[in-house]
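Here is a short briefing on one protein chain. Look at the model first, then read the points below.

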Amino acid sequence: ALWPRKSLAKDAGVPMSPRATTDIALAHNLASREEVDAVMNEAQGAGAIIVKPAQATFWGGYAGYFRDPEGHLWEIAWNPQMLPAD
């Protein structure tokens, strides 16, 4: 999805900053809430900074954000509406 910078900052719970080449969030979609928690924990163990712990979302899913050691923002999400049909 493409979101305006202001919307992304609000959703991630981070302040707006001057424009930069890293004005994006990389999204990693998973199959369950448990997988989201596992990836968030793994990222934190590898040096990422949790900027928004995983939690229920307004759109019915579960997601959190972290910054990797190079400063890139990642969204880790589970969206039950986007699961493939079995």
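Two strands pair if DSSP finds at least two bridges between them. Helices (H or I, at least four residues) and strands (E, at least two) are DSSP runs, numbered from the N terminus. This is a predicted model: local features need pLDDT of at least 70, side-chain atom pairs count only at pLDDT 80 or more, and totals for chains, interfaces and linings use all residues. Residues are numbered from 1 along each chain as its sequence is written, and side-chain values use heavy atoms, with hydrogens and water left out.

**Overall fold**
- The chain has two helices and four strands.
- Read from the N terminus, the order is α-β-α-β-β-β.
- The radius of gyration (over C-alpha atoms) is 13 Å, close to the 12 Å from the globule rule (2.2 Å times the number of residues to the power 0.38) for 86 residues, so the chain is as compact as a globular protein of that length.
- Along the principal axes, the C-alpha atoms fill a box of roughly 45 × 30 × 20 Å.

**The hairpin**
- Strand 2 (residues 49–56) pairs with strand 3 (residues 62–67) in the antiparallel sense, over five bridges.
- Tyr 62 in strand 3 stands opposite Ala 56.
- Five residues lie between the two strands, and Gly 60 takes a positive phi near 95° in this hairpin.

**Burial and contacts**
- Of the 86 residues, 30% count as buried (under 20% relative accessible area, 1.4 Å probe, protein chains only).
- Among contacts (heavy atoms within 4.5 Å) with a separation of 6 or more, 37% join residues 24 or more positions apart.

How values were computed:
Buried < 20%, exposed > 50% of the residue type's maximum accessible area, 1.4 Å probe, protein only.
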